[in-house]
Amino acid sequence: MFRKLLLLSLISSTLIAVNATSASASSEALCANKVTGVVRAAANGKCRARTERKVTVGTTGATGATGATGATGATGATGATGATGATGATGATGATGATGPAGTFATTQSINTITSSTYTLVAADAGKLLIADVLTEIKVPTDAQVNFAIGTRIDIGKKSQPVFISGNTGATVNGSSAAESLDSATYQAALLVKVAANTWLCFRFMPT
């Protein structure tokens, strides 16, 4: 057993030496002593038949071809969304549009006749002429009730019966909740104009 191990060791050592000096050879013949296991190179490829055993050792073969590429692995999870970038600068103001045509008094005014003792303005009254045929109190609603645009005007006229104009709680007429009145003469007129939130002015026109 010891001799076999020694023989293999000697063969390996000799093979390294042979490959180092004979890289171009395809194989090499060696002679191993049957008793001692000592290995020598056979110059003519022949060994002593009675005392040696012939061993043929091949050189390292050429590197094999590269194997096929494996399948692509699964796609990894999507990363977290990045932070939102800063808001860009405000763009330049656009050009001013063309001025509209000048107003005119040629357009007719709608008329709404009041026949009840109490009347609260509605959105459709904007720009109209309200004429009272009976004694009545005209109430101006708050913005929460009817949100007239600032600048809205409403004309009011009376024939023979008194007319009182006042704001609902939260709305003022001429800076007060007290009623403005048209009661001293026949055929009087007033102009209501909204000048701010819940704030109206009343201009009265008295006959001469």
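## Salt bridges

A salt bridge is a side-chain nitrogen of Lys or Arg within 4 Å of a carboxyl oxygen of Asp or Glu. In this predicted model, Arg40, Arg48 and Glu52 are linked in a network of such bridges. A search of the whole structure finds seven salt bridges.

One of them joins Lys159 to Asp133, with the closest N and O atoms 3.2 Å apart. This pair links distant parts of the chain, since Lys159 is in the loop between β8 and β9 and Asp133 is in the loop between β6 and β7, 26 residues apart. Lys159 is partly exposed, at 37% relative accessible area, and Asp133 is also partly exposed, at 33%.

Another salt bridge is formed by the side chains of Glu180 and Arg204 (3.7 Å, N to O). Here too distant parts of the chain are linked: Glu180 belongs to strand β11 and Arg204 to strand β13, 24 residues apart. Glu180 has a relative accessibility of 17% and counts as buried, whereas Arg204, at 40%, counts as partly exposed.

## The four-stranded sheet

Strands β5, β7, β9 and β11 form an open sheet in that order, and the pairing is mixed. The edges are taken by β5 and β11 (180-182), each with a single partner strand, so one side of each has no neighbour in the sheet. On average, neighbouring strands of this sheet are turned by 20° against each other, direction ignored. Strands of a sheet pair through backbone hydrogen bonds, either parallel or antiparallel.

Strand β5 (residues 118-120) pairs with β7 in the parallel sense over three bridges. Tyr119 has Ile138 of β7 as its bridge partner, and Thr118 stands opposite Glu137 of β7. On the other pairing of β7, five bridges join this strand to β9 (residues 163-167), and the two run parallel. Val140 has Gly167 of β9 as its bridge partner.

How many of the five residues of β7 are buried? Four are, and the strand, which spans residues 136-140, is mostly covered. Glu137 is partly exposed at 28% relative accessibility, whereas Lys139 is buried, with a relative accessible area of 18%. The cut-off for buried is under 20% relative accessible area, so the 18% of Lys139 falls within it. Glu137 and Lys139 form a salt bridge, their closest N and O atoms being 3.8 Å apart.

In soluble globular proteins, nonpolar side chains tend to be buried together. The largest nonpolar core in this structure has 19 residues, and those with the most contacts inside it are Leu121, Ile156, Ile165 and Leu192. At least two residues of this core come from each of β6 (129-132), β7, β8 (153-158), β9, β12 (188-196) and β13 (199-205).

Beyond its neighbours within four places in sequence, Leu121 is in contact with Ile138, Lys139 and Val140, among others. Its contacts also include Pro141, Val146, Phe148 and Leu192.

## The disulfide

The structure holds one disulfide, which joins Cys31 to Cys47 with an S to S distance of 1.9 Å. The torsion about the S-S bond is about -90°, so the disulfide is left-handed. Cys31 lies in strand β1 (residues 27-33) and Cys47 in the loop between β2 (39-41) and β3 (52-58), so the pair ties together parts 16 residues apart in sequence.

Is each of these cysteines buried or partly exposed? Cys31 counts as buried, at 0% relative accessibility. Cys47 is partly exposed, with a relative accessible area of 23%. A further cysteine, Cys202, is buried at 8%.

Thr172 is found in strand β10 (residues 172-173) and is partly exposed, with a relative accessible area of 25%. Leaving aside neighbours within four places in sequence, Thr172 is in contact with Asn198, Thr199 and Trp200. The C-alpha atoms of Thr172 and Trp200 are separated by 6.1 Å, although the two residues are 28 apart along the chain.

Asn174 lies in the loop between β10 and β11, and its phi is near 55°, a positive value in a residue other than glycine. Asn174 is partly exposed, at 32% relative accessible area. Tyr187, in the loop between β11 and β12, has a positive phi of about 55° although it is not a glycine. Tyr187 counts as exposed, at 61% relative accessibility.

Terms used:
Residues are numbered from 1 along each chain as its sequence is written. This is a predicted model: local features need pLDDT of at least 70, side-chain atom pairs count only at pLDDT 80 or more; totals for chains, interfaces and linings use all residues. Side-chain values use heavy atoms; hydrogens and water are left out. Buried means under 20% relative accessible area, exposed over 50%, partly exposed in between (1.4 Å probe, protein chains only). Contact means heavy atoms within 4.5 Å. Two strands pair if DSSP finds at least two bridges between them. A disulfide is a pair of cysteine sulfur atoms within 2.5 Å. A nonpolar core is a set of buried Ala, Val, Leu, Ile, Met, Phe, Trp, Tyr and Cys residues joined through side-chain atoms within 4.5 Å. Axes are lines fitted to C-alpha atoms, for helices over the stretch in contact, and angles run from 0 to 180 degrees between N-to-C directions.
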